[in-house]
Amino acid sequence: MCGIGGVILKRRSATDRDGMMRRLRASLAHRGRSSAGGFTDERAALHCARHAVIAVEDARQPLLDSRRNLVMVGNGEILNYRDLVRRLPPERARRLRPGDLQVALELYAERGADAFEELRGPFALAAWDSRAGELTLVRDRLGERPLYYYDSPDFFAFASEIRCLAAALPPGLLHRDEAALLSFLGLGRMTDGRTPYREIRTVPAGAVLRIGGAGAGPRQLASLTPVSGLRPAPAGLEEIDELLARAHRRALVADQPVAVGFSGGIDSTAVLRAAQGGAGAAAVVTVYSELAPASDINLHRARELAPVLGVELTEVPFRMPTLDGAEDILNTTLDGPAAEPLVLHNDTLHAAARDHSAVLLGGHGADEVFGGYVRYAALRAEAEAVPTPKWLASSAWERWNRAAGWQRFLRDFGAPDLAAAAPVPADPLERPFPYADAEEGDRVLFGQALDLFRLMTYDNFRATDENGIARQVEVRSPFFDIDLVAGIYSLPVADRLGQGTPKPLLRRAFQGTPLAGAFTERKVGFDDHFSYSDWMVENWPRFSSAIVDGPLKGTGILRDGALDRLQERDWRTLWRLFSLSTWLTRAD
């Protein structure tokens, strides 16, 4: 995981490219402390602040292809790069330099944008062709690694973080996107590739953008085959077993043992066992409630399993930070406002992991992929077919509720002129997305895909990337492997969810082991041990003041009276108001 950025001159102008690059280099420095490097020619300037994980000493960026025609910087890893070496022509294979991204560059130099179809892993890449005068940007299909851009008639600029891009640009070019900020408050994310600034856009997940000269803007050259189109036929159960094993092997690709975040649940136990079967775990990190360790179920589970698995736990206590501490985490580690306070806990986990490894593995995404959440079973149990807005609204999960209640939120919260005139999302689910066509035939698959491809992308991918790299650790999960996702989602709901115990497909990995009958207790999330609402009440005078007396009222986002009776709002709405107020204070 790295920080990348660059500026491309599109025509002769008074653009101060060197000044922008100085500011961009400084703002990207926190994303990579292993090394830094740049490339400059008459039109292009690229930079990478590298957090080295693979070929640590040898694969310094920017990278040149073997014929020295292309230059590339990249954030993330190509986890199947060893397999891809065999697909290179002999000349390029013989002259291949070390590193996973070098393989991706050589493949792209040989096959063009079609090469990106073969890449597996979390990545965001930028390749400059000086002969053609063209820049190509691409992101992985899930969008695990962020990439943003600013376009003008004179120049094009891109970076791994919005704040890095904003720091690099000349003053006066950016304006807040009130509609995007309103969607953050109402939906917990910004939709349709929007960001807090109207002029900065997100490179879409799975998109290949091409930027040329003569003032032309970026065009979408291609879209990678969606995950739903990767398989010609459903997988068999034995194939699922192999896909899971391969996903674990890919996640472990690194030059050193990885750390594992361990809660004692089935997801993190599967990850830990895979790490033990590889190079071993550099550390097994369990974060627990400092205030109530005796009632921390995850801590007890982790301690019970540790001797069975033959590991020693690194136990890290956590308590909710002070209000100043929460603001510091939001301001120093995150690019934008956070939709969930879980980032406070993750910050402790990431900071602890960095003392042991440059990579932290976790079980993120297992519930969405293997169908572990209660809401999926509840949706499956509904006998009659009901319209999507109805089951979204009746669900116990807040994100589904808010998507169904988006228009009501606009009426109750949004400034009238903004709600009526701004291009707020007409469809809060942002259809189409992979497997959206299952909406009528397999509602559970539609719900799983909605969570994975839409609702996870903002806080789970973006915030995890930003907070992890700010704490000098790359966060990975094998359960985001797109071949694994495609295999599991190809199965009928009866095979995905089973008939009794949750996650039957993941449980198959424990057959014939001492843990075959384990993991029968109910799922307990880490934040189940904390009351965010109590924390807000304890800090209420300053917490509420940050919202009511901060810059939020002057943005034109909210209707008059929206912040009245603040104490009656639910804790998630209060957190988003607080988080957005904190971001606005910093951005101003």
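Buried denotes a relative accessible area under 20%, exposed one over 50%, and partly exposed a value in between (1.4 Å probe, protein chains only). By this criterion arginine 375 is buried, at 12% relative accessibility.

The model is predicted: local features need pLDDT of at least 70, side-chain atom pairs count only at pLDDT 80 or more, and totals for chains, interfaces and linings use all residues. Residues are numbered from 1 along each chain as its sequence is written, and side-chain values use heavy atoms, with hydrogens and water left out.

Side chains of opposite charge can pair when their charged atoms come close. A salt bridge was assigned where a side-chain nitrogen of Lys or Arg lies within 4 Å of a carboxyl oxygen of Asp or Glu. Helices (H or I, at least four residues) and strands (E, at least two) are DSSP runs, numbered from the N terminus.

Arginine 375 pairs with aspartate 451 in a salt bridge, with 3.0 Å between the closest N and O atoms. Arginine 375 belongs to helix H13 (residues 374-381) and aspartate 451 to helix H18 (residues 443-455), so the bridge ties together parts 76 residues apart in sequence. Aspartate 451 is also buried, at 0% relative accessibility.

A second salt bridge joins the side chains of arginine 194 and aspartate 177 (2.9 Å, N to O). Both residues sit in loops: arginine 194 between helix H6 (178-187) and strand E10 (200-202), aspartate 177 between helix H5 (162-168) and H6. The pair therefore ties together parts that are 17 residues apart in sequence. Arginine 194 is buried at 15% relative accessibility. Aspartate 177 is buried at 6%.

Glutamate 340 and arginine 572 form a further salt bridge through their side chains (3.5 Å, N to O). This pair links distant parts of the chain, 232 residues apart. Glutamate 340 is in the loop between helix H10 (323-333) and helix H11 (342-353), whereas arginine 572 is in helix H25 (residues 571-587). Glutamate 340 is buried, with a relative accessible area of 16%. Arginine 572 is partly exposed, at 23% relative accessibility.

Salt bridges also form a network. Its members are Arg31, Glu77, Arg145, Glu161, Arg163, Asp465, Glu474 and Arg476.

Tyrosine 288 was examined separately. This residue lies in strand E14 (residues 281-289). Tyrosine 288 is buried, at 16% relative accessibility. Its C-alpha atom is separated by 17 Å from that of aspartate 267, 21 residues apart along the chain.
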